[in-house]
Amino acid sequence: MLSFHTARQRARKASDKTPPRIGLAVAGGGPIGGMYELGALRALDEAIEGLDLSRLDCYVGVSSGAFLAAALANRIGTEEMCRIFLTGDSDDVEFRSEAFMRPAFLEYMRRASSLPRLAGDWWRELLFSPGQLRWPDFVTRFGGLVPTGLFDNAEVERFLRDVFTRRGRTNDFRQLESRLFVISVDLDSGEAVRFGDDQWNDVPISQAIQASAALPGLYPPVEVRGRHFVDGALRRTMHASVVLERGIDLMLGVNPLVAFNSGADAGLPTAHAGRLAASGLPAVLSQTFRTLLQSRMQIGLVKHRQQFPDIDQLIFEPNAQDGELFFSNAFSFANRQRIAEIAYRNVMADLRNRADTLAPLLAAHGLSVRADIAADTQRSILDGLDRRPRKTETTARLHRALDDIDAMVASRRTH
């Protein structure tokens, strides 16, 4: 589902050779959300002529979207990310999903170590003040034994640090050619923090993403400068204002979580149509979570259109009737290729069905839809992954340098 805002003053003069400034905002959504965003970004990369997602002016990412944004800012293209996460034949990065689901044993042990003291205090009060204790007191006192996260996110940081410190890439916000912002929330104050901003650009990109993706209950908070940070989506869904404030001409946004329409037209069996409650607590919580996030984002987009009326905005989201996407395990990596494929086809359909409306908007920024690709309804996300020779560290750095030269030459030709 595509929503967009056309700026009031977006016409560019024919003599204006300055490349348009484009920003990208990528929301969170867990592993499944990240794969949906990858499929959507791959479709945009293939179908829009003149768009280079790895050379935009600025990026903002939240949670799982933070890795995609950081990868693009580090010039890891969508083709390579598909090889890493979907086909597994990358000669650069080996992705092992099980590494991201390791139990947080140290967190368990640290919490359990306080049990003797808490039990001793409880029994002491029970003996000397039995009439003053209630079950809510028990829950409150022993709640500190519950781990803050099921899985250890230290492996997330190690994986990202390895990816961003090889083949000419960087783990330092200050060394990127484009501005990158990774959003996280201070657990103790509720304040949203922009890693990559001047006050926080010394934090490694890998640690910033680890903090931004620390979904409470799934991963423990991440300590940075003595403060504890959790998932950036707790404050806002996409944080699009971060790139809109950069004076861009066009913003592209991807949000993988929308409320599910479980009506009879949603492709569900008739017995289940309109009855999410029948699917149990996970479905109820998922729908509640999605509804809250989407409602908050819609309010934000209305505000952004009023606050930034001269900036074109294109937002890509899933179809509300997509039952397969809704009922996929939000923390499963097993069906990531299928989810990416759904997103890829959805975006291709959006570009194809809204071609007449999008044409002048894209043309204002020197972009256009590749009709032959968008019109191919049978095209798969894997079709554009060509065979290529394997690279070493040296050849990868050489390829990156040659790519820089090509971009420099192309830039000078436009001036």
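**Exercise 1.** How many of the 5 residues of strand S4 (residues 58–62) are buried?

*Solution.* The model used in these exercises is a predicted one.

Step 1. Take the residues of S4 one side at a time. Cys 58, Val 60 and Val 62 lie on one side and are buried.

Step 2. Count them against the strand. In S4, 5 of the 5 residues are buried, so the strand is largely enclosed by the rest of the structure.

Step 3. Look for the strands that pair with S4. Strand S2 (residues 22–26) pairs with S4 in the parallel sense over 4 bridges, and Ala 25 stands opposite Val 60 in S4. S4 also pairs with strand S5 (residues 179–186), in the parallel sense over 5 bridges. Gly 61 has Val 182 in S5 as its bridge partner.

**Exercise 2.** Where is Ser 63 placed, and is Ser 63 buried or exposed?

*Solution.* 

Step 1. Ser 63 sits in the loop between S4 and H2.

Step 2. Its relative accessibility is 7%, and the cut-off for buried is under 20%, so Ser 63 counts as buried.

Step 3. Check the backbone. Most residues other than glycine have a negative phi. Ser 63 is not a glycine, yet it has a positive phi of about 55 degrees.

Step 4. Compare with Arg 167, which also has a positive phi of about 55 degrees without being a glycine. Arg 167 is in the loop between helix H7 (154–163) and S5. With a relative accessible area of 9%, Arg 167 is buried.

**Exercise 3.** At roughly what angle do the axes of helix H2 (residues 64–73) and helix H8 (residues 205–212) cross?

*Solution.* 

Step 1. Two packed helices are described by the angle between their axes and the distance between the axes. The axes of H2 and H8 come within 8 Å and cross at roughly 155 degrees.

Step 2. Angles over 145 degrees count as roughly antiparallel. H2 is therefore roughly antiparallel to H8, and the crossing is right-handed.

Step 3. Name the residues that meet. H2 brings Ala 66, Phe 67 and Ala 70, and H8 brings Ile 205, Ile 209 and Ser 212. Sorted by class, this contact of H2 with H8 has 5 nonpolar residues, 1 polar residue and no charged ones.

Step 4. Check how covered each helix is. In H2, 10 of the 10 residues are buried. In H8, 7 of the 8 residues are buried, so H8 is largely enclosed by the rest of the structure. The buried residues of H8 include Ser 206, Ala 208 and Gln 210.

**Exercise 4.** Which residues of helix H1 (residues 30–47) meet H2?

*Solution.* 

Step 1. Start with the geometry. The axes of H1 and H2 come within 8 Å and cross at roughly 35 degrees. This crossing is right-handed.

Step 2. List the contact. From H1 come Gly 30, Gly 33, Gly 34, Glu 37, Leu 38 and Leu 41. They meet Ser 64, Gly 65, Leu 68 and Leu 72 in H2.

Step 3. Sort these residues by class. The contact of H1 with H2 has 4 nonpolar, 5 polar and 1 charged.

**Exercise 5.** Which residues is Ile 339 in contact with, leaving aside its neighbours within four places in sequence?

*Solution.* 

Step 1. Locate the residue. Ile 339 lies in helix H12 (residues 336–353) and has 0% relative accessibility, so it counts as buried.

Step 2. List the contacts: Ile 32, Met 35, Tyr 36, Leu 325 and Ser 328.

Step 3. Consider separation along the chain. Ile 339 and Gly 34 are 305 residues apart in sequence, while their C-alpha atoms are separated by 9.4 Å.

Step 4. Among contacts with a separation of 6 or more, residues 24 or more positions apart account for 78%.

**Exercise 6.** Which way do the residues of strand S10 (residues 312–316) point?

*Solution.* 

Step 1. Asp 312, Leu 314 and Phe 316 point one way, and Gln 313 and Ile 315 point the other way.

Step 2. Of the 5 residues in S10, 5 are buried, so S10 is largely enclosed by the rest of the structure. For the protein chain of 415 residues, 50% count as buried.

Step 3. S10 pairs with strand S9 (residues 250–254) in the parallel sense over 5 bridges. Leu 314 in S10 is the bridge partner of Leu 252.

How values were computed: Residues numbered from 1 in each chain as written. Predicted model: local features only at pLDDT ≥ 70, side-chain atom pairs only at ≥ 80, totals over all residues. Heavy atoms only, no water. Axes fitted to C-alpha atoms, helices over the stretch in contact; angles between N-to-C directions. Helix = DSSP H or I, 4+ residues; strand = E, 2+ residues; numbered from the N terminus. Parallel < 35°, antiparallel > 145°, perpendicular 65-115°, else oblique. Left-handed = near helix turned anticlockwise from the far one by under 90°. Contact = heavy atoms within 4.5 Å. Nonpolar A, V, L, I, M, F, W, Y, C, P; charged D, E, K, R; others polar. Buried < 20%, exposed > 50% of the residue type's maximum accessible area, 1.4 Å probe, protein only. Pairing = 2+ DSSP bridges.
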